[in-house]
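Here is a friendly walk through one protein model, written for someone who likes the cut-offs stated alongside the values. Please keep the viewer open as you read.

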Amino acid sequence: MTEVQATVEKARSAARWWGGLSYNERRSRLLAWKRHIARHIGELAALVAEETGKPQDDAALEVMLAVEHLDWAARNAGKVLGRHRVPSGMLAANHVATLEYLPLGVIGVIGPWNYPVYTPLGSVSYALAAGNAVVFKPSEHTPRTGAWLADAWATAVPGEPVLQAVLGDGAVGAELTWSGVDKIAFTGSAATARKVMATCAETLTPLVVEGGGKDAMIVAADADLDAAARAAAFGGFGNAGQTCAGVERVYVERSVYPEFLGKLSALAVGEQTMTTPEQPAIVRAHVEDAVSRGGRAVVGGPSSITASTVAPVVLAEVPEDSIAVTEETFGPTLVVNPVDSVDEAVQLTNASKYGLAASIFSKDSHGATRIARKLRTGAASVNAVLGFAGVPSLPFGGVGDSGFGRIHGADGLREFSRAQAVTRQRFAAPMDLMRLDRDPKVMQRALRLFHFRHGR
C-alpha cells in the first residue's frame with residue numbers, strides 16, 4: 001500500500017468519527033483550529049512569503065481572508081446543511097418531508113501555489129465543516145505551507161487524523177485522484193484539470209474545479225478613473241499578477257481611454273518575484289506576441305522580464321486574437337484596449353473561453369450591477385476588484401475553462417455534501433393511489449382534482 005493510499009485509509013476511519021459528531025461539536029474543533037492559525041499568523045505568513053516570494057504583508061492578508069472563511073463555514077454549517085422540513089405538496093399531504101445534507105466521506109484537495117492558504121482552505125474548511133475528512137495535496141512549490149496547516153490541525157484538534165497532508169508533485173496528485181476518495185477539489189490550470197477529470201471519470205469520482213481565468217475590467221466613461229486605475233493596478237500587478245480572479249484585460253470607453261491609461265501607467269512600478277521558474281517565460285511569450293502583433297508597450301516590455309522577476313507591463317491596443325488576450329498570462333501584465341461602448345466591452349469580455357470573475361467601474365452603480373448580470377462569469381465586483389473574495393457567504397467558481405462547481409458560502413458547504421430526502425407518513429391518504437389494487441373511483445376523483453388544479 002502506498003503512502004497516499006494509507007493516508008486515505010486513515011482518513012476513512014477518521015471520517016466516520018468526524019461525521020458522527022454534532023454540528024456544534026465540529027464547530028468547536030474548527031474554531032480551535034482557527035484560533036491556532038490566527039495566533040500564529042506571523043509564522044504562517046513568513047512561511048508563505050518564503051515559499052512563494054510574495055511580500056509578507058500580502059501573505060498575512062491571504063491568511064486573514066482564509067480565516068474569515070473558516071470561521072463562517074464553522075458557524076453556518078448546521079444552519080445550511082442540517083435537517084429541515086420542506087413542503088409536502090397536495091399529493092403527499094399525509095407525509096412529513098425533510099431534507100438534510102450529509103457528509104460525503106473523504107475529500108481530496110489538490111491546491112495551487114499562488115495562494116497556498118486562502119485557495120485550498122476554500123475547499124478544506126467547507127469540506128471539514130460539512131463533516132468530511134480531508135487529504136490535502138499542496139502544490140510541490142509550497143509543500144511546507146500545506147504541511148503547516150495539517151500540523152496546526154493536529155495540534156489544535158489532537159486525536160483522529162481528520163486533516164492530513166500528502167506532499168509531492170503531480171504524480172502524488174494523480175495517485176490521490178485514483179485513491180477512492182469521495183470527491184476531488186482541484187485548483188490549477190484548465191489543461192491539468194482535464195487530466196484530473198479524465199482520471200475521475202475512470203472511477204466516477206465527483207470533481208469540483210477552479211481552473212483559472214482571463215478576468216476583465218470594464219471602465220465606463222463616467223467612472224472614477226483614479227479609483228479604477230488603482231483597482232486595475234492591484235488586480236493586475238498584486239501578487240506578481242498571479243491571481244486567477246484578478247485583472248488581466250481592461251476595456252475602457254474611448255472618451256476616457258487616454259486619461260485612464262496615463263493614470264494606470266503611473267502606478268505600474270516595482271519589480272516582483274515570480275513563484276515558479278516556468279512562469280517568466282510564459283509572461284515573456286505573451287508580451288512579445290502582443291508587441292509583434294501591433295500592440296504598444298506603454299510601460300515596460302520584454303526587457304521587464306528576467307529569469308525570476310517581472311516588472312509591471314502595460315500593453316495597449318492589443319489585437320483580440322493575441323495570446324496576451326486569449327490565454328491566462330499569470331504575471332504582472334495588463335492589456336488595456338479602448339472600446340466604443342460598454343456593450344462592446346461586455347461582448348469582448350464574454351468572448352473568452354474563461355469565465356471566472358470580472359469588475360465594472362461606473363458612477364451608476366445600479367447600471368453597473370445590471371451590466372454584471374450580462375457577463376459570463378461566476379463572480380463580479382462593482383467599483384472594486386476581488387470584492388467577493390472577502391465575503392464568505394458568497395459562492396466562488398467559474399464557467400468554461402474556469403471550471404465548474406462552487407466553493408465558499410452555502411453552495412460551498414453543499415458542494416461537499418450529499419442531499420438526502422426523507423418522507424414520513426403521518427396518516428393514511430384519503431385517496432390512496434400508491435397501491436396495486438387501486439380503486440377506480442378514487443382514481444377518477446383524483447383526476448378531477450388534477451384537472452381542477454392544473455388544467456384550468
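## A buried strand residue

I360 counts as buried, at 1% relative accessibility; buried means under 20% relative accessible area, exposed over 50%, and partly exposed in between, with a 1.4 Å probe and protein chains only. The residue sits in strand β16 (residues 357–361). Helices (H or I, at least four residues) and strands (E, at least two) are DSSP runs, numbered from the N terminus.

Leaving aside neighbours within four places in sequence, I360 is in contact (heavy atoms within 4.5 Å) with I218, A368, I371, A372, L375, A380, S381, V382 and N383. One of these, A380, is 20 residues from I360 along the chain, and the two C-alpha atoms are separated by 7.7 Å.

## Ground rules and overall make-up

This is a predicted model, in which local features need pLDDT of at least 70 and side-chain atom pairs count only at pLDDT 80 or more, while totals for chains, interfaces and linings use all residues. Residues are numbered from 1 along each chain as its sequence is written, and side-chain values use heavy atoms, with hydrogens and water left out.

An unreviewed UniProt entry carries the annotation "domain: Aldehyde dehydrogenase" for residues 3–422; UniProt positions are given in the numbering used here, feature names are shortened, and annotations may be inferred rather than shown by experiment. Over residues 3–422 the chain is 45% helix and 20% strand, with the end C-alpha atoms 39 Å apart.

## Two helix pairs

How do α3 and α4 meet? Helix α3 (residues 41–52) and helix α4 (residues 56–81) have axes that come within 8 Å and cross at roughly 120°. Axes are lines fitted to C-alpha atoms, for helices over the stretch in contact, and angles run from 0 to 180 degrees between N-to-C directions. That angle makes α3 oblique to α4, since angles under 35 degrees count as roughly parallel, over 145 as roughly antiparallel, 65 to 115 as roughly perpendicular and the rest as oblique. On the α3 side the contact is made by I41, G42, L44, A45, A46, V48 and A49, and on the α4 side by Q56, A59, A60, E62, V63 and M64. The crossing of α3 and α4 is right-handed; a crossing is left-handed if the near helix is turned anticlockwise from the far one by less than a right angle, and right-handed if clockwise.

Helix α1 (residues 3–19) packs with helix α7 (residues 170–178) at an angle of about 45°, their axes 9 Å apart. That makes α1 oblique to α7. α1 passes α7 in a right-handed crossing, where V4, Q5 and V8 of α1 meet V172, E175 and L176 of α7.

## Loop residues

T142 lies in the loop between β4 (133–137) and α6 (143–156) and is buried, with a relative accessible area of 1%. Not counting residues up to four places away in sequence, T142 touches E51, T52, P112, W113 and P116.

L204 is in the loop between α8 (190–203) and β7 (207–210) and is exposed, with a relative accessible area of 76%. Although not a glycine, L204 has a positive phi of about 55°. L386, also not a glycine, has a positive phi of about 60° and belongs to the loop between β17 (379–382) and β18 (399–400).

## Cysteines

How many disulfides are there? The count is zero, taking a disulfide as a pair of cysteine sulfur atoms within 2.5 Å. The sulfur of C200 is 19 Å from the closest cysteine sulfur, in C244, which is too far for a bond. C200 is buried at 2% relative accessibility, and C244 is buried with a relative accessible area of 11%.
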